[in-house]
Each structure stands twice: as C-alpha cells, then as structure tokens.
Amino acid sequence: MKKIFIAIFSFLSLSAAAQTNDDPVLMTINGKPVTRAEFEYSYNKNGSVDGAVEKKTVGEYVDMFINYKLKVAAAEEARMDTLSSFLDEFRQYRDLQLTPAMVDTVFIDSVARSLYDRSKAQLGGKDLLRPAHILLMVKQNQGEAEKNAAAQKADSIWNLLQGGADFEELARKFSQDPGSASKGGLLPWIGPGSVLKEFEDAAYALQVGQYSKPFLSPVGYHIVWMKERKQLEPYEILRPEIMKGLSRQGIEEVSAENKIKKVIDASGGRLTREAVMDSLLQSQLTTNPDLKYLVMEYHDGLLLYEVSKRQVWDVAATDEAGLEQQFKKNKKKYAWSEPRFKGFVYHCRDGKQAKAVKALLKKYADGDWKKAVKEAFNKDSVSVKVSGPYLCKKGENAYVDYSVFGGEEPGAVTGYPVSGVAGKKFSQPKNYKDVRSQVVNDWQEHLEKEWVAGLRSKYKFTLDSEVLKTVNNH
C-alpha cells in the first residue's frame, strides 16, 4: 500500500513537470520541479489574501515557499510519509475529498423510496394524525385512591373543555407530559403502531376539531384533541424532505461505500478498497488541477507538521539548557514592567492552621504539595483549600492583591474564615521558568532559523527569475 502512495505523489510531481509549455517550471527543490501554477495556487491562497496576518509580495513569498518545500524534503528523506499515522490521516482526507465523486444517486433514491414504501405499508391506507393531548400520569403501583383522584381531575378538565376552555392553555397548566405540555399538548405526526394502542384507538376515532373523553392507558389518563388528519402525500412531494433526513444521517458516505463495494465485487476480489480509492484519486487529479494542488498541500502540510514537531517544537519545549541560555542572554527582553507574586493562595479554619499551611507550602513549593496538604490537613475532611501556584501581578487575584500589593480585603470563603498567601514577591523573573512561554517561543525561532540554514546548505534548489516575473501575469 505504501508503494501506491509513493506512486501517487510521484505522479503529482511528474505531472507538474510535464506541463512545461503552458505551465513552466518556476523552481526545483532537491531535484523536484515546482511549476508556476503550483506556486500561484499557494501564493494566491495563503500569501496575498486580503486580511491575511502577513500579506506578502510575490518576492517575499518565494523565500517562505522555498523554506517550506525544503522542510517537506527533509520529512520525505526521513520517510515520514511512510508512517502509519501519516497514511491513516491522509487516507481520511483523501476519502473526504473523493466522496462527492463516489456518491451513488440511484442508491440514495432507492433508499428514500424504500423508506417511503415502508411508511405507506405501515399506514395501510389510514390517515396520518396530528393530535394534541393532556396527560395526567398514573403510575402502575399507585393505589385506587390516587387513580380515582386522577380520573376525577381528568373529568374536571373535560368539563372545562365542554364549557369552551382553551385546550392549549389547559395542557400547559395541567398536562404531565414534559415533552408536549409546553407546546400546548401538541404531538408529532403519528400513524398505526407508533403509539400506545389505547391512544391510537381513541385518536383514530376522532375527526379534526373533536376532543376525546378521558381514557386510561398504561401511563395515565389522556384527553386527545385532533388537530389535523391527512393521507400520506405522494413520494414525489415528500422526496426532498426524505432526502434531507437521509443526508443528516450520512447517506452520501453510505452510498459511496456501496459504490466502492460494487467495484470491488466486480473485480472478483482482486481490488482492495485502497486500490479503488487511489485509482479514483489519480483519475480526479488529471482532470481537476485545484484538487491536485489541494491534495498536494495537505500531503505536504502533514509532513511539515511532523517534521517541525520533531526538529523544533518538541526540542525547544524540552531543551532546559537551551531555554536557560536564551533567558540569560536576553534578560532585558524578558524584564517585567511591574512586580509579580509567585506562590499559593490558601483558605483554612484558624490562624494556627494558617501558620502550619504556610510552612508546609514553603517546604513543598517545588514538590508534591497537593499530596502533602492532603496528608497534613485533609485526610478525613477538607479543612484547607489551596490554589496555585500563581505567577501574577497586581489586579489578577484579589487575595494576592490584599496580602501582597495592598489591595482591598476580599470577602471570606464560606467555611474557611482565614485566607492568606504563601510565596514571595519578585521585581524581575529569576529564571526562564518565570517567563517560560516567551522564552520557548524565542528559542523555537532560534532553532527554526538554524534548521532552515542547514536545509538550505544541504539541499540544492534553483529559481527561474524570468518565470517568477510571470507569476499572476500571464
């Protein structure tokens, strides 16, 4: 299967090179040609869009694009395009793009027709009904007194309806069916076999506008009002609605899989699903340039993510020595304009306990303080609450503001009248950990530049300046 994928992407590259008359080669990256059309697709989509974070000129975008392709070359050299994680994710994307081409409208229409015919058969010539009801629930284990009380209440409501009371208002007030009461008792369309038999029999005996007398079903007493009755509409009328419902349930994907199965069966089992999809992809790529570049972009994007993660992001995040070096060389860049508090906020029962909490947090500031707090104070019940560690400036925490920065005293936490902080105020960061996110970002940029410089030395690349002049101008 991996050979199939390699063949596909070889095809992608070679097909671009073959169109040198109408689509000249703009550059070569590690021996692979990049045509003007491919570059234009990328630039017009990512580099020149109005509102883009970094809108670039063609000249500015060239360097970014070359660096991007060099990283992809490094990923391919490391055989990251043969990883099962890459292949699985790409297959999912490929299938998503190809599903529209595999949708079998005949299959979908047959499913829709089958659903309609089943509904029609279930109706057996009877009407569809749109009833509303008022339900007074009676549990199976209730005594005669409770049942009699529900029956009397149902009779009272019936009498109100006979006197001209509004059904919907009574349903909202008295019905115990949570699904319909707020809608004035209105229920969905029903047919034979879709509701309790007692309810069905009573409903079908009514004409539009009529009320049923109170009757008992296994769930309680009902009073039914028939809102609408109709015969099932012809298939041609209901087809759009049925199609919408099937679409919500993913019928396009089901029909595509059905079509793929037909192709596999027709081959006598010689073809696999992957072979069918890869063949379809190649066919689509030859007739749809936009799809070709979209697929190529996704392929390269997956590789770019993986190689960048390995070469830069993961390295920068775990390179403690490098991060400390970055911090020490650039302390002015990471300086704070105002002091910070570094430590914890605690809430406890009394002053004596507060003193012990502060001592414990000081001891375990860089260790397993949660376990220590639980062992010392919260074994049987929670007598101490601790949050943190914080690194915050004035205005970011009310308890820190009061204890450290001279702010107003905040209200006490219910059940924990004594609050305080354990930690120190610092005017400047002591090490890179105090400004970790900034340092990591900068160290990533440093590693990125070193990596790109190395790639530019390792891999050969060329640029045709004359073809570059014709980008978006031919």
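User: Let us begin with the hairpin. Which strands form a hairpin, and how many residues lie between them?

Analyst: In this predicted model, strand 1 and strand 2 form a hairpin with two residues between them. Strand 1 covers residues 25–29 and strand 2 covers residues 32–35, and the two pair in the antiparallel sense over four bridges. In the turn, N30 has a positive phi of about 55°.

User: To which other strand is strand 1 joined, and by how many bridges?

Analyst: Strand 1 is also joined to strand 9, residues 461–463, by three bridges, and these two strands run antiparallel. Here I29 stands opposite F461 of strand 9.

User: How should I read a positive phi in general, and where else does one occur?

Analyst: Most residues other than glycine have a negative phi, and most peptide bonds are trans. Exceptions therefore deserve a look, because most residues other than glycine do not show a positive value. R79 is one such case, with phi near 60°; R79 lies in the loop between helix 3 and helix 4. N472 is not a glycine either, and has a positive phi of about 60°. N472 is found in the segment after helix 18 (465–468) and is partly exposed at 43% relative accessibility.

User: Is the peptide bond from G388 to P389 cis or trans?

Analyst: The bond from G388 to P389 is cis, with omega near 0°. P389 lies in strand 7.

User: Strand 7 brings me to the sheet pairings. Which strands are joined to strand 6?

Analyst: Strand 6 is joined to strand 8 (residues 418–426) by nine bridges, and the two run antiparallel. Within this pairing, H347 stands opposite S419 in strand 8. Strand 6 is also joined to strand 7 (residues 385–392), by six bridges and again in the antiparallel sense. In that pairing, K342 stands opposite L391 in strand 7.

User: Why is strand 6 described as largely enclosed by the rest of the structure?

Analyst: The reasoning rests on the cut-off for burial, which is under 20% relative accessible area. Eight of the nine residues of strand 6 are buried, so the strand is largely enclosed by the rest of the structure.

User: Let us turn to charged side chains. What is the general idea of a salt bridge, and how many does a search of the whole structure find?

Analyst: Side chains of opposite charge can pair when their charged atoms come close. A search of the whole structure finds 29 salt bridges. One of them joins the side chains of D63 and R456, at 3.5 Å from N to O. D63 lies in helix 3 (residues 58–77) and R456 in helix 17 (residues 436–458), so the pair ties together parts that are 393 residues apart in sequence. D63 is partly exposed, at 43% relative accessible area, and R456 is partly exposed at 28%.

User: How far apart are the closest N and O atoms of K71 and E448?

Analyst: K71 and E448 form a salt bridge in which the closest N and O atoms are 2.2 Å apart. K71 is buried at 10% relative accessibility, whereas E448 is partly exposed at 23%.

User: Which residue meets R273 in a salt bridge, and which network do such salt bridges form?

Analyst: The side chains of R273 and D95 meet in a salt bridge, at 3.1 Å from N to O. R273 is in helix 11 (residues 273–287) and D95 in helix 4 (residues 84–102), distant parts of the chain that are 178 residues apart. Salt bridges that share partners join D88, R91, R94, D95, E257, R273, E274 and D278 into one network. R273 is partly exposed at 25% relative accessible area, while D95 is buried at 16%.

User: Finally, which residues gather in a patch of positive charge on the surface?

Analyst: The patch gathers K328, K331, K362, K424 and K430 on the surface. K331 is found in the loop between helix 13 (320–329) and strand 6 (340–348), and is partly exposed at 49% relative accessibility.

Definitions and conventions:
Residues are numbered from 1 along each chain as its sequence is written. This is a predicted model: local features need pLDDT of at least 70, side-chain atom pairs count only at pLDDT 80 or more; totals for chains, interfaces and linings use all residues. Side-chain values use heavy atoms; hydrogens and water are left out. Patches are made of residues with over 30% relative accessible area and no salt bridge: like charges are joined within 9 Å, nonpolar side chains (Val, Leu, Ile, Met, Phe, Trp, Tyr) within 5 Å. Accessible areas come from the Shrake-Rupley method with a 1.4 Å probe; for residues, only the protein chains shown count as cover. A salt bridge is a side-chain nitrogen of Lys or Arg within 4 Å of a carboxyl oxygen of Asp or Glu. Lys and Arg count as positive and Asp and Glu as negative; His and the chain ends are not counted. The place of a charge is taken as NZ of Lys, CZ of Arg, CG of Asp or CD of Glu. Buried means under 20% relative accessible area, exposed over 50%, partly exposed in between (1.4 Å probe, protein chains only). Two strands pair if DSSP finds at least two bridges between them.
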